[in-house]
Amino acid sequence: MTKKIDIVLGIETSCDETAAAVLKGGERLLSNVIASQVEVHAEYGGVVPEIASRKHVEAIDLVVKEALDQAGIGLRDVDGLAVTQGPGLVGSLVVGLSYAKACAFPLNKPITGVNHIHAHLMACFLEEENRPEFPFVGLVVSGGHTSLYRVDDFFHVELLGSTRDDAAGEAFDKVAKILGLPYPGGPVISKLAQKGRSDAFSFPRARLPETPLDFSFSGLKTAVLQTVQKIRAAGQELVVEDICASFQEAVVDVLVSKTLEAALEHKVKWVVAAGGVASNESLRKRLMTECKSRGLGFSVPRPIFCTDNAAMVALAGHHQLMNDMLLSDDADVYSRLF
Ligand code: KG4
Ligand code: ZN
């Protein structure tokens, strides 16, 4: 039985962004507030879980109030709450879940727990144009995840393959560290790559014939490290732009070929990309052209909806709330996908 749910407050605290958003009618965004902790973690070269939890505690109340203010509503006007329940950092997730429960229960509002990955996969429905058609193959590429899914509708999501070691975003972050570039590595590497030659170095592409829809990026990272060490030891000039361009090309090649392979195998007509790495221009362009040439539809949200946000949580949550998929009073978070 579907219920009438109009206004949904979404809350996201799974990693290092404290975010809240208000969504009306399952598609119209009234506000989308994101407090990023990236500068705090940049000092350490990556996310420090304990600091992340504490920053969420500091920010959550302000962020939620700002989202409600911008939407021009109060908590009483909300028809339901959607909060990220997992996967992610446990200490970060509990801040969002506890806060959402404290908002929902005293006011008798329904509350649903959203899977962060499902939310990423549904993010392109936040866009007014070029919304995907089910079933589609979805590539989720972020700092914590690199996986392919078959998505049949808002509730049925099947894992087809995932990384055996590093996530694609993690590889960008680690290569940035090797090159002495700041965290997070993705945006800075993609910028430098524009000025470099992508065929300057031939870095490995892990194909994994036995499980072709799985990924592996640790060999690529090691190859970059060894190349850089060799150039430095020989006293040669290190053209950082060329390393960035060649590394990015290797990542994009693998992501694009495996995504297309999955689409072909599952006979879907649409491909979706999501997650922080999906804001990479080179990846977006390649997926767009390759899908087009095969007659496949392709959707990727604007970069603001690729990186972590609560709008996608509100959207996925809207459908769950309509179908009465509610959290119990004693619901807990989960750190991993099951
Ligand atoms: O989805 P996200 O904001 O957070 C996680 O859930 O991990 O993704 C962050 C990741 C980082 O590893 C960052 O380096 C990467 O996304 N990233 C990019 C780009 N922008 C962010 N990677 C490649 N190219 C980009 N333009
Ligand atoms: Zn994410």
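User: Why does Val-94 count as partly exposed?

Analyst: The relative accessibility of Val-94 is 32%. Buried means under 20% relative accessible area, exposed means over 50%, and partly exposed lies in between (1.4 Å probe, protein chains only). Val-94 therefore counts as partly exposed. This is a predicted model, where local features need pLDDT of at least 70, side-chain atom pairs count only at pLDDT 80 or more, and totals for chains, interfaces and linings use all residues. Residues are numbered from 1 along each chain as its sequence is written, chains are lettered from A and ligands numbered from 1 in the order in which they are written, and side-chain values use heavy atoms, with hydrogens and water left out.

User: Where is Val-94 found, and what separates its C-alpha atom from that of Asp-332?

Analyst: Val-94 is in helix α3, residues 90–104. Helices here are DSSP runs of H or I with at least four residues, strands are runs of E with at least two, and both are numbered from the N terminus. The C-alpha atoms of Val-94 and Asp-332 are 7.8 Å apart. Along the chain the two residues are 238 residues apart.

User: What makes Ser-31 buried or exposed?

Analyst: Ser-31 has 4% relative accessibility, so Ser-31 counts as buried. Its place is strand β3, residues 28–36.

User: What lies 2.7 Å from a polar side-chain atom of Ser-31?

Analyst: The backbone oxygen of Ala-67 does. A polar contact is a pair of N or O atoms within 3.5 Å; within protein, one must be able to donate a hydrogen and the other to accept it, and residues adjacent in sequence count only if both atoms are side-chain atoms. At 2.7 Å, the pair of Ser-31 and Ala-67 meets the distance limit.

User: Which residues come nearest to ligand 1?

Analyst: Gly-143, Asp-173, Gly-186, Gly-276 and Asn-280, out of 19 residues around the ligand. A residue is near a molecule or strand if one of its heavy atoms lies within 4 Å of it.

User: Which polar atoms face ligand 1 at Asn-280, Gly-186 and Gly-144?

Analyst: At Asn-280, a polar side-chain atom lies 3.0 Å from a nitrogen atom of the ligand. At Gly-186, a backbone N or O atom is 3.0 Å from a ligand oxygen. At Gly-144, a polar backbone atom is 3.4 Å from an oxygen of ligand 1. The protein covers 89% of the 550 Å² of accessible area that ligand 1 has on its own. These areas come from the Shrake-Rupley method with a 1.4 Å probe; for residues, only the protein chains shown count as cover.

User: How do you know where ligand 1 lies relative to domain 1 and domain 2?

Analyst: Domain 1 (7–122 + 307–322) and domain 2 (130–300) both give residues to its shell, so ligand 1 lies between them. The domain bounds come from an automatic or database domain assignment. Helix α6 provides the largest share of the shell, four residues.

User: Why is the pair of Phe-125 and Phe-154 called tilted?

Analyst: The structure holds seven aromatic pairs. For Phe-125 and Phe-154, the ring centres are 5.0 Å apart and the planes are at 55°, so the pair is tilted. Rings of Phe, Tyr and Trp (its six-membered ring) pair if their centres lie within 6.5 Å; planes under 30 degrees apart count as stacked, over 60 as edge-to-face and the rest as tilted. Phe-125 is in the loop between α4 (116–122) and β6 (136–141), and Phe-154 in the loop between β7 (146–151) and β8 (157–162), so the pair ties together parts that are 29 residues apart in sequence.

User: What makes the pair of Phe-215 and Phe-217 stacked or tilted?

Analyst: Their planes are at 15° and their centres 6.2 Å apart, so the pair is stacked. Phe-215 is buried, at a relative accessible area of 0%. Phe-217, at 1%, also counts as buried.

User: What makes the phi of Leu-208 and of Lys-267 stand out?

Analyst: Most residues other than glycine have a negative phi, and most peptide bonds are trans. Leu-208 is not a glycine, yet its phi is positive, about 50°. Lys-267 likewise has a positive phi of about 50° without being a glycine. Leu-208 is buried, with a relative accessible area of 16%. Lys-267 counts as exposed, at 70%.

User: Which peptide bond at Pro-87 and which at Pro-135 is cis?

Analyst: The one joining Gly-86 and Pro-87, with omega about -15°. The other runs from Phe-134 to Pro-135, with omega near -10°.
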